[in-house]
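User: Please take a close look at one part of this protein for me. I want to know about the salt bridges and what they join.

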Amino acid sequence: MTTESDGSARSTAKRVAAQAGGIAGSAARTTRGIIRRNPTANRVYRAGVGVVGGGTVALGVALIPLPGPGALIAVGGLAVLASEFEGAKQASTKANAAAKKGVAVAKDLRAKRQAKQAAKVAREH
């Protein structure tokens, strides 16, 4: 059971989290701007993003045949790459659209299966 004070505490926590996220995002943008001004630091940063993102994508692809979140790991690596590379941003957009479409299809199939099971149970009773 939630009380009014619980709701107030939750909304306060959400406000604090949003503010902290905004501050962190602002700091990250400022830091990235400073790095972009220095060509050597920019090159090193982009190489680091490429290595981390590429490694994450490769790990995700390697894990796809196994049970678990291999595809999600690959999409996450693509998101890391998309933070710095335009081609990866386009691929990430397409991958996210395909993932959303897949989730919608899965939800639809699940709803149909549940409706079919409910109809079967109703006929039996």
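User: Which residues are linked in a network of salt bridges, and where in the chain does glutamate 84 sit?

Analyst: First, note that this is a predicted model. The fold has four helices and zero strands. The structure holds four salt bridges. Arg32, Arg36, Arg46 and Glu84 are linked in a network.

Take glutamate 84. Its place is the loop between helix H3 (70-82) and helix H4 (86-124). Glutamate 84 is buried, at a relative accessible area of 10%; the cut-off for buried is under 20%.

Two of its partners can be described in detail. Arginine 36 pairs with glutamate 84 in a salt bridge, with 3.8 Å between the closest N and O atoms. Arginine 36 belongs to helix H1 (residues 4-37), and the two residues are 48 apart, so this pair links distant parts of the chain.

Arginine 46 also forms a salt bridge with glutamate 84, with the closest N and O atoms 3.5 Å apart. Arginine 46 lies in helix H2 (residues 39-63), so this pair ties together parts 38 residues apart in sequence. Arginine 46 is partly exposed, at 29% relative accessible area.

Now a bridge within one helix. Lysine 112 and aspartate 108 form a salt bridge, the closest N and O atoms being 3.6 Å apart. Both are in helix H4, four residues apart, which means about one helical turn separates them. Lysine 112 is exposed, at 52%. Aspartate 108 is partly exposed, at 40%.

Glutamate 84 is one of the buried residues.

Note on methods: Residues numbered from 1 in each chain as written. Predicted model: local features only at pLDDT ≥ 70, side-chain atom pairs only at ≥ 80, totals over all residues. Heavy atoms only, no water. Salt bridge = Lys/Arg side-chain N within 4 Å of Asp/Glu carboxyl O. Buried < 20%, exposed > 50% of the residue type's maximum accessible area, 1.4 Å probe, protein only.
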